[in-house]
Amino acid sequence: MDKNIVNTEESEEKETKDNNNRVLKELISWAFTFLAAILVALFIKTFIIINATVPTGSMENTIVPGDDIIGFRLAYTFSEPERGDIIIFKNPNNLKEKYVKRVIGLPGDTVVIEDSKVYINGAETPLDEPYLKEEWVVCNGPFTYEVPEDSYFVMGDNRNTSFDSRRWTGETYVSRDKVLAKAVCIYFPFNHMRGL
């Protein structure tokens with residue numbers, strides 16, 4: 001057999017093997033990249049942000065039905081929710097549901113609702129609430145709530161339709177361990193996109 005033919009066959013076989021190795025290395029590289037992207041996305045979704053779609057008008061006009069919002073899970077790692085924050089939390093009476101409401105009463109507060117106004121800790125001046133959707137005429141007092149330590153009293157901005165701490169049967173307050181995140185922005189639909 002001719003030596004040149006044997007060398008050519010060996011050379012072609014080596015080239016085919018090298019090409020196969022390159023393709024395999026490329027596929028492995030893509031698989032690792034894809035896997036890393038999935039792991040990073042899962043980490044971000046589990047520990048950093050939360051996505052929620054608001055199904056009702058309870059937070060109108062701040063957040064309208066169908067708005068998709070992002071909450072920052074780490075917002076309360078080194079601090080506590082403040083009055084006026086919009087939070088995403090587990091419904092105290094059904095832990096499978098997520099709710100979005102505004103913090104009104106803080107741990108230890110006395111919240112008085114009278115004639116569609118909110119008074120905190122005996123203040124003579126009502127809470128300034130420019131975010132309310134409309135005149136508040138439903139479930140508007142007189143009520144008094146003593147917020148337990150490590151809990152929050154929450155209400156929606158659309159007080160006439162919001163199912164919130166005023167109306168819940170069972171657990172009235174959101175305990176700190178049920179708070180998942182601080183709502184930070186609306187990201188969809190694009191014409192509603194803004195910070196909260």
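Colleague: I would like to begin with charged side chains. What can side chains of opposite charge do when their charged atoms come close?

Modeller: Side chains of opposite charge can pair when their charged atoms come close. In this predicted model, a search of the whole structure turns up eight salt bridges.

Colleague: Let us take one of them. Which residue forms a salt bridge with Glu80?

Modeller: That is Arg176, and the closest N and O atoms of the two are 2.6 Å apart. The pair links distant parts of the chain, 96 residues apart. Glu80 sits in the loop between β2 (68-72) and β3 (86-91), while Arg176 sits in the loop between β9 (174-175) and β10 (179-188).

Colleague: Is Arg176 buried or exposed?

Modeller: Arg176 counts as buried because its relative accessibility is 17%, and buried means under 20%. Glu80 has a relative accessible area of 42%, so Glu80 is partly exposed.

Colleague: Now for another pair. Where are Lys182 and Asp85 in the chain?

Modeller: The side chains of Lys182 and Asp85 meet in a salt bridge, at 3.8 Å from N to O. Lys182 is in strand β10 and Asp85 is in the loop between β2 and β3, so this pair too links distant parts of the chain, 97 residues apart. Asp85 is buried, with a relative accessible area of 11%, whereas Lys182 is partly exposed at 28%.

Colleague: And which residue pairs with Lys178?

Modeller: Lys178 forms a salt bridge with Asp177, with 3.3 Å between the closest N and O atoms. Asp177 counts as exposed because its relative accessibility is 57%.

Colleague: Strands next, please. How do side chains lie in a regular strand?

Modeller: They alternate between the two faces of the sheet. Here, look at strand β5 (residues 110-114) and strand β6 (residues 117-120), which run antiparallel and are joined by four bridges. For instance, Val112 has Tyr119 in β6 as its bridge partner.

Colleague: How many residues lie between β5 and β6?

Modeller: Two residues lie between them, and the two strands form a hairpin. In the turn, Asp115 has a positive phi of about 50 degrees.

Colleague: Last, the surface. Which residues form a nonpolar patch there?

Modeller: Among them are Leu24, Phe32, Leu35 and Leu42, and the whole patch has about 810 Å² of accessible area together. Take Leu35 as an example: this residue lies in helix α1 (residues 3-47) and counts as partly exposed because its relative accessibility is 43%.

Key
Residues numbered from 1 in each chain as written. Predicted model: local features only at pLDDT ≥ 70, side-chain atom pairs only at ≥ 80, totals over all residues. Heavy atoms only, no water. Patch = residues over 30% accessible without salt bridge, like charges linked within 9 Å, V, L, I, M, F, W, Y side chains within 5 Å. Areas by Shrake-Rupley, 256 points an atom, 1.4 Å probe, with all protein chains shown as cover. Salt bridge = Lys/Arg side-chain N within 4 Å of Asp/Glu carboxyl O. Buried < 20%, exposed > 50% of the residue type's maximum accessible area, 1.4 Å probe, protein only. Pairing = 2+ DSSP bridges.
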